[in-house]
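Subject: Structure handover

Hello,

The structure is below, followed by notes on what was found in it. Please read them with the model open.

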Amino acid sequence: MDILVKKEKIEAYENDECLGFLKYSLENNVLTIISTVVYENARGKGVAKALNEYIFNYANKGVDEIKIICSYSQNYFLKNKSQYNGVKVVLIKGENNVCSI
């Protein structure tokens, strides 16, 4: 699986086909993870996990804070938080944090 980083979006590809994406924003060294979307034909292949691993590893190298809106990303962080203990993390709860996985 190949990961392509764009402005405010990370996409996962396999054989030139986009499998899904993660939307984020980065402002004043604060990373906000907005949503994770995996297309139906790619579900169950580890796409969401790969996207989240990528963004969290990036964040671990130099952001001051991570705000997580996406429910999948929140669960990913809670399962792996020992790997990311150098960054302040804020979990944003609410009705708008549904992801399409």
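Strands here are DSSP runs (E, at least two residues), and helices are DSSP runs too (H or I, at least four residues), both numbered from the N terminus. Two strands pair if DSSP finds at least two bridges between them.

This is a predicted model, in which local features need pLDDT of at least 70, side-chain atom pairs count only at pLDDT 80 or more, and totals for chains, interfaces and linings use all residues. Residues are numbered from 1 along each chain as its sequence is written, and side-chain values use heavy atoms, with hydrogens and water left out.

The sheet: six strands form an open sheet with mixed pairing, in the order E1-E2-E3-E4-E5-E6. Its edge strands, E1 (2–6) and E6 (88–91), each pair on one side only. Strand E5 (residues 65–68) pairs with E6 in the parallel sense, over four bridges. Within that pair, Lys67 stands opposite Val90 in E6.

The salt bridges: a salt bridge is a side-chain nitrogen of Lys or Arg within 4 Å of a carboxyl oxygen of Asp or Glu. The structure holds three. Glu11 forms one with Lys6, where the closest N and O atoms are 3.2 Å apart, and another with Lys9 (3.7 Å, N to O).

Regards
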